[in-house]
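Please read it alongside the sequence and the coordinates.

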Amino acid sequence: MPREEDKAKERILRLEALTEVSLSLAWERDVGKILGLIVREASRILDGERTTLYLVQEKEASNGDGKTTKTLVSYIAEGGLTIEVALDQRSIAGTVASSCRPVRLEDAREDPRFDPGWDAISGFRTRSMVAVPMMNPWGECIGVIQVLNKKNGPGFTSEDEEILLSLAAHAALALENARYLERQRQTFQSLIRGQAVAIDARDHLTAGHTWRVAAYSVELGKAMGLDPRQLELLEYAALLHDQGKLGVPDSVLFKCGRLEGTEEELMRVHASRTKEILEEIRGLLPLPLKKMPDIASSHHEKLDGSGYPKGLGGDQIPLEARILAVSDIFDALTSRRPYREPESDEGALEFLRKEAARGRVDSSVVEALSGILPRIPGLREGVNGRLESGSIMGSLGEIWETARENDPH
Amino acid sequence: MEKLASKVQGLELLLKLTLELCSERSLEKVLEKAWAELARVMKAERSSIFLLDEEKGELFSFVALGAQEIRFPKEKGIAGAALTSGEPILVADAYGDPRFNPAIDSATGFRTRSMVSVPLKVPNGERIGVVQVLNRKDGRPFGKEDVALLQALASVVGVAIHTAQLYREQQRATDAVIHSIVRAVEMRTERGIPHAPLVSSFCEIIGRAMGLGEEEVRRIRWAGALHDLGKLSVPDRILLKGEPLTDQERPVYESHALMSGRLLEKMNFQGELAGIEDLVSFHHKHYGGGGFPPGGPQREEIPLGARIIAVSDAIWCRMYPRWGEKPMGFQEALHSLAEGMGVVWDPKVVEAAFQRRAELEEALGKSLADQGKREA
């Protein structure tokens, strides 16, 4: 029966296309690219003129009681209009999402749920339609794929519907997985950014130092042409560079000597503690972040070998650490201390130029700093503003003071 | 027609396998499933999955899959040849092939006859490991169709493994930073014995025993590690005092639990760490409503994570008392909790700890050994 054989061959072609797309979807980590892929491939495999993708979104109710409702929001690859519909029987997409069942129509315009308003605005003329729910592996509908106007034929077939359902399942999984990975990244990033709060809680004399150093370092890195991966590494190392302060005893941290203008001992102790701790976690870090401990713990090394904790010199100090060293000194000089007024940005730059001339810090980093100097006040305000508004630290100083005041001594 | 039908079946199977493997988020589960499916679909007596350890330049088998871990240089054996060349290798008689490494057979007691080895290639061209199937069940050697089928399966398995590896990498990076914070904080407080890392392991074991999901267990484990962060703002002379605190000192010390919570709140964590301050703030709250901070939630209103941290913390504190009390052994410390069940501790949590005593003790031993290594 050649007719059946043709059908089987056609089915194989479509399944092959679907298999290929399912693998591309499983591989793609970027939500935006996944959405683009779904829209493109749905039109291609089903031979449709246009595909609209709707995603279920949680929305906070406008009366502000914190309750969320679910709506469907459209995503169209070519930009265009954003359509928002309720999850109910009043629209076709809403019907599909709320019933978790597909809808197939030879002429959508005859359906009372079809809203001709969108065709009027977009200039598109809808005829046939197939719409399926995107079911995730846990049985929830997270969106709707709707393909419009079958190119060669009166409408979409039950085979089309079946293929689209399978594509929708792969699409839903890819989307859930990309969101999950994003959530893991967000967890890590918020941790590494947030942990600096603990450093400030221990030594609030230098509050905000960690974030300012991170902000300056990233800006310097950009000016020096580091790629996004290096910038990420640099930011994380900057955020961890003073972590050893958490473990410095009170006798060193609150020593009167700091009032005499020397933080030398504190710096030596915390730098070696930072190094010791970060060495321990190296094994847990993913490959792109393996250098983080070296960078974070080398920010007190000097090019001429006179620094600590290792006394490294020249090329032994990674570029990221040399950038970190310059931002660290720059922020220390331009910050207020109980025993001295802050240095001006220009004055601090002058000091660093002399240090570079003496062969202690990297002169190319110092030159990059002079290039970004006009942007420094903005970066500083960004961090200090967050400190004062309380979005980062809020009343940390106050918490800390309370603990000290409660202390009978 | 029959050939066409079997082709359709093959493609449908691949689509199903993609959904099944990619919906698993733990690497162990992906590997277990893939391992079983490879042997089943290929009608082979056994399958193997070797992953590439790029740092060490080795291929290794996953412990959970059958026997112990097997490790060898990434160029070695037929698996190594497949990885290096990036091409599949079909061997009809393994012992007749000079590249074959009989060490694995002698370790597992299996006798390999014919085998297919296919590199696990992901779409960016990276090679992340090798899959193998050994001995066709019908006794015939593997053929070309088998190679093609295994290649198709391997493309799915590779993407699923790579994805799970990414999740694991991110989670381990989070583990790393939490560990570094905890270690830094404990440099001031610990007396040779790691506290928070062990409490964290106890929390994980108890959370699992209580049947909580992976993500919930992870959150409690992380909260358990960070539960004493507030000690940062307790002065050394109170924190490190070797004898009972005075009435003036006690509230300063006790403020640490709430302080931990407030610090964590200020850190503004997102993702899976969002809201863990609630688990931490109440780790010294008693099930019956006592403890500190005074007032606040009681019984089931106390977050389960906080109730689990409380029990984990108590076991440790009875073994290594701070202010001159007599130290207890592990078993004694665990049993001593029976007294406070329902009043101080959530009885369900204590029962879960009793149930998993062997695992808890093993974690304790491991933690002490790690500390020994650090000191050495």
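## The contact between the chains

The contact draws 64 residues from chain B and 62 residues from chain A, in a model that is predicted. On the side of chain B that touches chain A, the elements that give two or more residues are α1 (2–22), α5 (144–189), α8 (236–239) and α9 (249–267) of chain B. Of these, α5(B) supplies the largest share, with 24 residues. Sorted by class, the residues on this side of chain B comprise 35 nonpolar, 15 polar and 14 charged.

A residue of chain A whose contacts reach across to chain B is D250(A), which touches P235(B) and D236(B) when residues up to four places away in sequence are not counted. D250(A) belongs to helix α9 (residues 250–253) of chain A. Is D250(A) buried or partly exposed? Because 15 other C-beta atoms lie within 10 Å, D250(A) is partly exposed, the class that falls between 12 or fewer such atoms for exposed and 20 or more for buried. Between the C-alpha atoms of D250(A) and H270(A), which stand 20 residues apart along the chain, the separation is 12 Å.

The domain assignment of chain B gives domain 1 (2–166) and domain 2 (180–375). Taken over C-alpha atoms, the centres of domain 1 of chain B and domain 2 of chain B are separated by 44 Å.

Helix α2 (residues 27–41) of chain B packs with α5(B) at an angle of about 170°, and the axes of the two helices are 9 Å apart. Because angles over 145 degrees count as roughly antiparallel, α2(B) is roughly antiparallel to α5(B). From α2(B) the contact is made by L27(B), V30(B), L31(B), A34(B), L38(B) and V41(B), and from α5(B) by L153(B), V157(B), A160(B), I161(B), A164(B), Q165(B) and R168(B). By class, this contact of α2(B) with α5(B) has eleven nonpolar residues, one polar and one charged.

Helix α5 of chain B is also the place of V182(B). V182(B) is buried, since 25 other C-beta atoms lie within 10 Å, against a threshold of 20 or more. Leaving aside neighbours within four places in sequence, V182(B) is in contact with A196(B), P197(B), A225(B) and L226(B). The C-alpha atoms of V182(B) and E325(B), which are 143 residues apart along the chain, lie 25 Å from each other.

## Nonpolar cores

In soluble globular proteins, nonpolar side chains tend to be buried together. The largest nonpolar core here has 101 residues, and those with the most contacts inside it are A237(A), V326(A) and V311(B). V326(A), with residues up to four places away in sequence not counted, touches L220(A), L352(A), V361(A), D362(A), V365(A), V366(A) and L369(A). A second, separate core of 89 residues includes L25(A), A97(A), V132(A) and V157(B); V157(B) is also one of the residues through which α5(B) makes its contact with α2(B).

## Chain A overall

The secondary structure of chain A consists of 16 helices and six strands. Chain A has 409 residues, of which 42% count as buried. Among contacts in chain A between residues at least 6 apart in sequence, 60% join residues at least 24 apart.

Conventions
Residues are numbered from 1 along each chain as its sequence is written. Chains are lettered from A and ligands numbered from 1 in the order in which they are written. This is a predicted model: local features need pLDDT of at least 70, side-chain atom pairs count only at pLDDT 80 or more; totals for chains, interfaces and linings use all residues. Domain bounds come from an automatic or database domain assignment. Two residues are in contact if their C-beta atoms, placed from the backbone, lie within 7 Å. Helices (H or I, at least four residues) and strands (E, at least two) are DSSP runs, numbered from the N terminus. Ala, Val, Leu, Ile, Met, Phe, Trp, Tyr, Cys and Pro count as nonpolar, Asp, Glu, Lys and Arg as charged, and the others, Gly among them, as polar. Axes are lines fitted to C-alpha atoms, for helices over the stretch in contact, and angles run from 0 to 180 degrees between N-to-C directions. Angles under 35 degrees count as roughly parallel, over 145 as roughly antiparallel, 65 to 115 as roughly perpendicular and the rest as oblique. A nonpolar core is a set of buried Ala, Val, Leu, Ile, Met, Phe, Trp, Tyr and Cys residues joined through C-beta atoms within 7 Å.
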